Amino acid sequence: MTRAISIEQVRGAAPELNASKSAAPLLQLENLAQHFTLGGGLLRRGQTLYAVDGVSFTLAAGKTLGLVGESGCGKSTLARSLLKLQQPSSGRIHFDGQDITDYSARQMRPLRQQMQLVFQDPQESLNSRHTIATILQEPFVIHGIGTAQERQVWAGELLQRVGLPVSALNRYPHEFSGGQRQRIGIARAMALKPKLLVCDEAVSALDVSVQSQILNLLLSLQQEYQLAILFIAHNLSVVKHISDHIAVMYLGRIIELAPSDELYAQALHPYTQALLAAIPEPDPRRRKVPLMLQGEPPSPANPPSGCHFRTRCPYVGERCINEVPPLLPAAPTLGAQSLLNIGPAGGEAHHVACHFHREIMSGERLPQNLESCDIITSLI
Ligand SMILES: Nc1ncnc2c1ncn2[C@@H]1O[C@H](COP(=O)(O)OP(=O)(O)OP(=O)(O)O)[C@@H](O)[C@H]1O
C-alpha cells in the first residue's frame with residue numbers, strides 16, 4: 001500500500017541543500033552584467049549590447065523586490081542571468097550562502113529546485129498536449145522525487161493550494177482561463193517548495209481583478225513558505241501592493257531602489273518620478289501634472305555616456321555626460337526613513353543614482369526644455 005506523503009515533506013526528500021547558512025540575504029547580486037555581442041547585419045555585427053550593466057541588490061527570505069522598467073531595459077535578461085539560465089558576463093551571484101556565479105550546470109541542478117521562474121504567458125509555458133496532472137508531476141519526475149502515486153497526491157494538493165479543484169488534474173491547459181492557467185504555472189513553480197520565485201511579468205497579461213487575485217495568492221504562498229519573490233513588471237502600479245522594496249531599472253542599470261512606501265511617497269530620481277506621474281489617477285482632484293520626458297530610450301547597443309538617462313532627463317547637466325552616477329544611499333538632508341539602516345546590502349535605505357537628486361528635491365535645480373518633451377505613454 002502506498003503511503004500518502006504531503007507536499008510539506010517534499011523538501012525533506014530532496015538533497016539537504018536547504019538549511020539557510022546564516023542570516024545573510026537569500027540572494028545577493030554584485031555588479032551583475034550581461035553583455036551580448038551582436039551578429040546580424042554589417043552595421044551591428046560585433047557591436048556589444050549592454051542588456052544588464054552592473055546591477056547590485058539583495059533579497060531576503062520572505063521578502064518581495066519589485067523590479068520595474070520600460071520594455072527592453074533588461075529585466076528579463078537580469079532574471080535569466082541571476083537564475084543562471086544564461087552565464088552572466090561579469091559580477092557575482094550569491095544564493096543561500098553560496099557563490100553560484102561559476103557553478104556548472106551539474107552543480108546548479110540541485111539548486112534549481114530552490115529557484116523557480118513564473119512566466120508571463122502560461123499558455124506558452126504549459127505544454128498543451130499534457131494534462132495538468134502530468135505538468136504538475138513533472139518537477140518531481142525530473143528530480144526523481146516520490147513514487148507515481150505520491151506524485152499524483154502531491155499534484156492534487158498543489159492544485160488545491162492555488163485554489164483549483166483536484167478534478168482539474170485530468171484536464172488540459174486550454175480548458176482554463178488565463179488566470180487559472182497562471183495559478184497552474186504557480187503551482188508547478190511551487191512543487192518543490194523553492195526559496196526564490198522570480199515572476200517575470202506574471203500578471204501583465206491578466207485583467208486587473210484577476211491580477212489582484214494572483215497577487216494575493218503569491219502573498220499567501222510567501223507567508224506560508226517564507227518565499228523570496230523577485231516580481232518583474234513594466235508598471236509601477238502593479239508592484240505597489242506586493243513589494244517590500246522596489247528597484248527601478250533603466251537601460252541595464254538600477255537607478256533607484258527603495259522601500260516600497262518610500263518610493264511612492266518620495267521618488268528621488270526624475271525617471272521614477274515620471275513613471276509615477278504616468279500612473280492614471282481616477283480622482284480628478286488628485287491628478288498630477290505629468291512630468292515630461294524627452295524622446296525614446298536609447299539603444300542598449302549604443303548607450304549614452306555617463307548617466308544613461310541623461311538624453312531624456314529634464315534636469316541634465318554637464319556632469320551627467322561625463323560621470324556615471326553610482327547607486328548610493330540618498331542624501332541625509334532628505335531626512336526621514338532615508339537615514340535608517342543604510343547599507344549597500346539593501347536594508348531599509350533609499351538608494352538613488354542621480355548626481356543632482358538633492359538639488360532637484362530641494363527645488364534648486366529646475367527642469368529645462370519642458371516644452372519639447374513627450375509624456376511617457378507606453379507605461380500607462
Ligand atoms: N540573447 C540576446 N542577444 C542579443 N540581445 C539580447 C538578447 N537577449 C536580450 N537582448 C536584448 O537585451 C535588451 C534587454 O532585453 P530584455 O528582454 O531583458 O528587456 P525587458 O526589460 O525584459 O523587456 P520586456 O519587458 O519587453 O520583456 C533588449 O535590447 C534585447 O533586445
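1. Strand E4 pairs with strand E5 (residues 98-99) in the antiparallel sense, over two bridges. This is a predicted model. Two residues lie between E4 and E5, and the two strands form a hairpin. Asp-96 sits in the turn and has a positive phi of about 50°. Within this pairing, His-94 has Asp-99 of E5 as its bridge partner.

2. E4 also has a partner in strand E1. E1 covers residues 27-37 and E4 covers residues 90-95. The sense is antiparallel, and the pairing runs over five bridges. Here Gln-28 stands opposite His-94 of E4.

3. Next, the ligand. How many residues surround the ligand? There are 13, and the closest are Phe-36, Ala-51, Ser-71, Ser-76 and Thr-77. Strand E2 (48-59) supplies at least two residues of the shell, and helix H2 (75-82) also supplies at least two. The largest share comes from H2, with three residues. By class, the shell divides into five nonpolar residues, seven polar and one charged.

4. Now the helix pair H5 and H7. Two packed helices are described by the angle between their axes and the distance between the axes. H5 spans residues 132-142 and H7 spans residues 178-190. Their axes come within 8 Å and cross at roughly 30°. Angles under 35 degrees count as roughly parallel, so H5 and H7 are roughly parallel to each other.

5. Which residues make the contact of H5 with H7? From H5 come Ile-132, Ile-135, Leu-136 and Pro-139. They meet Ile-184, Ala-187 and Arg-188 in H7. The contact residues divide into six nonpolar, no polar and one charged.

6. Last, His-357. This residue is placed in helix H13, which covers residues 357-362. Is His-357 buried or exposed? The count is 23 C-beta neighbours inside 10 Å. A residue is buried if 20 or more other C-beta atoms lie within 10 Å of its own, so His-357 counts as buried.

7. His-357 and Pro-165 are 192 residues apart in sequence. In space, their C-alpha atoms are 52 Å apart.

Key
Residues numbered from 1 in each chain as written. Predicted model: local features only at pLDDT ≥ 70, side-chain atom pairs only at ≥ 80, totals over all residues. Axes fitted to C-alpha atoms, helices over the stretch in contact; angles between N-to-C directions. Helix = DSSP H or I, 4+ residues; strand = E, 2+ residues; numbered from the N terminus. Parallel < 35°, antiparallel > 145°, perpendicular 65-115°, else oblique. Contact = placed C-beta atoms within 7 Å. Nonpolar A, V, L, I, M, F, W, Y, C, P; charged D, E, K, R; others polar. Buried ≥ 20, exposed ≤ 12 C-beta atoms within 10 Å, placed from the backbone. Near = placed C-beta within 6 Å. Pairing = 2+ DSSP bridges.
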